[in-house]
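Subject: Structure handed over, with notes

Hello,

Please find the structure below. My notes on what was found come after it.

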Amino acid sequence: MAEVKSFQLQCPTLLNDSERVQLAHGGGGRRMHELLEGLLLPSFKNDLLLERHDGATLNIAGARLAFTTDSYVVKPLFFPGGDIGTLAVNGTVNDLAMCGARPLYLSSAFILEEGFPMESLRRVVESMRITAAEAKVQLVTGDTKVVDKGKGDGIFVNTAGIGVVEHTLTIAPSSVRVGDVILLSGDLGRHGIAIMAMREGLSFETTIESDCAPLWEPVAALLDAGIEIHCLRDLTRGGLSSGLIEIAETAQVRISIDEMLIPVREDVAGACEILGLDPLYLANEGRFIAIVPEHATASALEILNHHEVSSGTVRIGQVLEKPAGLVTMKSRLGTERILDMLSGEQLPRIC
Amino acid sequence: MCLAVPGKILSVHGEDFARMARVSFGGIVKEVSLAYVPEANEGEYVIVHVGFAISVVDEDEALRTFEILKQMGELAELDPQAGEA
Amino acid sequence: MRYVEEYRDPVAAQQFAEAIKSTVTRPWKLMEICGGQTHSIVKYGIDELLPKEVELVHGPGCPVCVTPLELIDKALQIAAQPNVIFCSFGDMLRVPGSGGDLFSVKAAGGDVRIVYSPTDAVQIAIQNPDKQVVFFAVGFETTAPANAMSVFLAKQMGLKNYSVLVSHVLVPPAMEVILGSPDNHVQGFLAAGHVCTVMGYEEYEPIAKKYKVPIVVTGFEPLDLLQGIYMCVSQLEEGRYEVENQYARAVRKEGNVPAQQLVAKVFRVVHRKWRGIGEIAQSGLGLAPDFAEFDAEARFGVSGYTAEEDSECISGLVMQGAKKPEDCTAYGKRCTPDHPLGAPMVSSEGACAAYYRYRRLRSDELVNVGSKSRG
């Protein structure tokens, strides 16, 4: 008979101060936030970093440039509607667009695992080529490293991007004002479900494609029309909720949204029902929110709906004063609840 | 423990414990086991939990909730006091 | 989605809420004993639509929350072994054991995988003949048929590398413990709709009679919950204590007989320990002797473990409806969803997590769900 063991209970807060990096640290939720606030921001302290926006807007020799970087580790590498290459280009292009900068140049660094199929690499590179052409950016510098077999997950891609800011607005959470409206550029969750559907054990017969797309054109149209954009944010990991919560916390305002106004396609909703997922927290790769003054709502809606990638733009809520730093949602029954940031990744559940 | 969702049976294949169906949940289609609902057929709705259908939706009963609401509404109209706290 | 959307209609919800309001003449305390119902109530703010006389408390209806600490520790031990692929429903991944959770085992290199269905775990076993595949068979009666099928199929196929770590619990014994407690204040029950879809509701009739408590089998959508509450409150006002079925579109009195038959074949009723409550006789399922070879506890030699709970965590009292999460000294401070002390704060269905996540607004203040402020 097995030896009877009894365990001394360790303080569970150790789980939080874990000396190991966990998946949750990259999940876009609370843990990642803590890593940023607890380690990265204090280490590299400067005003630009503290804007906590998707990219940094720099004044260099009289020109306003935007600079951003992102790494891509998505599994599976190839999914309906795109692949790691499509994401690597669009993701960085979109971060620049969210600063109100016209994306111009990208760098691309590959970390390849020994044994990674050359055919897969060709596919990824070809995707990047096509996507860069569509986004009208040029890949002008890069790097390639190879690590031993077993030390990398096939391929990791990092892209950094530079864009030019051709307007005088400050597009950042700090510009958000009470009374502003929140516009959402389209239906939620397609990317998150497309990815989850491809993972083991969660496959569906019908194909839901990722919404991965470049977002500069609709932003450019808003700028050209002189719309006073206060803030833009593309919705990636952590979904709509995380994007709104970050803005509400940084700008110290309350953001209030209405469940009935949030578009979710029926098949995405169906997948969410089965897996017990909340579409508000699912990743998107071709959706953004625009925060504009109330008086600009009608024009902004018209302009955004004119472009294919944002043709489903709707108003979903507004900026209020108190309690500051919170995002609240009015349910379809008329009751209100707080949208909290997830602790880690959203997991399928049975319960 | 109760995440079970209704879906529509699009097609059926196999027999006994291996009887399976393609079930649509608002357009998303998944293979589901019909081992526990041998009476279920194409076109019917089943309640699915972790890949298994555990019940066939009774369409008449499903309407009952709304009939009750309708009756409640009619009662309220007949007697305006009935709806007040 | 049909049979889903229409049960979320706000106008109909309001109608039921009005009906409840016009029916109550005094305070009533109702318990629901299903994590899915807790989730729905808190997500849609259904408690806010109810008159203040009707108080909802949440019972131990979250199988994740009631899985004993030592069982989590056994899971962690098994999952950490190099030759093992440990499969689990997503719900279990973040539940804290004595020194970590399945996520941290994964971080340290364990092969831990989330599956949607137990038959997916069987597939993994077939595809990986050189590994031991262990499935964490957790759940109430709703999940037992699926778990039973996985073991039955494994035996049929003669699979030598599949086993299950069983932590199944049954609802009626837990209800009796709560109702039989001298401090019990629960006056009516909403029975778990999907548990009853499998088991039927005949076994609740003696309970209703013995404790003189109305029991209404209830579904999960807002209209289901409101109608269930309406039916329960109506019984209480009329002095009745019967078993009624609100969720008749899915639940039949006899339940799902083929499912019950396979469960009875693969499993047998055993005593089970409920985390935070203690051992309840005849309250769980374990593998039947014919299928004992698939028991992971025996296969991995972890049967003898015991463990102690954190003394500040009052999850047992919360799950019995005796205390609210905000009564706990650790709630919101030492214990939050980011660093949970007990299971009800981890599971998205757990009462503590639900309260914390969806704490409600009243004017400019933040108020916890369930504490109804005046005005």
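A crossing of two helices is left-handed if the near helix is turned anticlockwise from the far one by less than a right angle, and right-handed if clockwise. Helices (H or I, at least four residues) and strands (E, at least two) are DSSP runs, numbered from the N terminus.

This is a predicted model: local features need pLDDT of at least 70, side-chain atom pairs count only at pLDDT 80 or more, and totals for chains, interfaces and linings use all residues. Residues are numbered from 1 along each chain as its sequence is written, while chains are lettered from A and ligands numbered from 1 in the order in which they are written.

Helix pairs

Two packed helices are described by the angle between their axes and the distance between the axes. Axes are lines fitted to C-alpha atoms, for helices over the stretch in contact, and angles run from 0 to 180 degrees between N-to-C directions. Angles under 35 degrees count as roughly parallel, over 145 as roughly antiparallel, 65 to 115 as roughly perpendicular and the rest as oblique.

In chain A, the axes of H3(A) and H4(A) are 7 Å apart, at an angle of about 30°. The two helices H3(A) and H4(A) are therefore roughly parallel, and their crossing is right-handed. On the H3(A) side the contact (C-beta atoms, placed from the backbone, within 7 Å) is made by A:Ile84, A:Gly85, A:Thr86, A:Ala88, A:Val89, A:Asn90 and A:Val93. H4(A) contributes A:Val124, A:Val125, A:Ser127, A:Met128, A:Thr131, A:Ala132 and A:Ala135. By class, the contact of H3(A) with H4(A) has nine nonpolar, five polar and no charged residues. Here Ala, Val, Leu, Ile, Met, Phe, Trp, Tyr, Cys and Pro count as nonpolar, Asp, Glu, Lys and Arg as charged, and the others, Gly among them, as polar.

In chain C, helix H8 (residues 144-157) packs against helix H13 (residues 257-266) at about 55°, with the axes 9 Å apart. That makes H8(C) oblique to H13(C). Their crossing is left-handed. C:Ala144, C:Pro145, C:Ala148, C:Met149, C:Val151 and C:Phe152 of H8(C) meet C:Ala259, C:Leu262, C:Val263 and C:Val266 of H13(C). The residues of this contact are 10 nonpolar, no polar and no charged.

One pair joins two chains. The axes of helix H1 (residues 59-78) of chain B and helix H1 (residues 10-23) of chain C come within 11 Å and cross at roughly 60°. H1(B) and H1(C) are therefore oblique to each other, with a left-handed crossing. B:Leu69, B:Met72 and B:Gly73 of H1(B) make the contact with C:Ala12, C:Gln15 and C:Ala19 of H1(C). The contact of H1(B) with H1(C) has four nonpolar, two polar and no charged residues.

Domains of chain A

Chain A is divided into domain 1 (55-165) and domain 2 (173-339); the bounds come from an automatic or database domain assignment. Taken over C-alpha atoms, the centres of the two domains of chain A are separated by 23 Å. The contact takes 20 residues from domain 1 and 21 residues from domain 2. On the domain 1 side, helix H3 (84-97), strand S6 (101-113) and helix H4 (118-135) each supply at least two residues. H3(A) gives the most to that side, with eight residues.

Buried helices of chain A

A residue is buried if 20 or more other C-beta atoms lie within 10 Å of its own, exposed if 12 or fewer, and partly exposed in between, with C-beta atoms placed from the backbone. Eight of the nine residues of helix H5 (residues 190-198) of chain A are buried, so H5(A) is largely enclosed by the rest of the structure. The buried residues of H5(A) pack against strand S4 (78-79) and helix H8 (266-275) of chain A.

H8(A) is mostly covered, with nine of its 10 residues buried. Those buried residues of H8(A) pack against H5 of chain A, together with strand S1 (5-13), strand S2 (20-25) and strand S3 (28-33) of chain B. After H8(A) comes A:Gly276, whose phi is positive, near 75°.

Chain C

Chain C has 17 helices and 14 strands, and buried residues make up 62% of its 375 residues. C:Pro206 lies in helix H11 (residues 205-211) of chain C. C:Pro206 is exposed, with 12 other C-beta atoms within 10 Å.

Regards

Key
Two residues are in contact if their C-beta atoms, placed from the backbone, lie within 7 Å.
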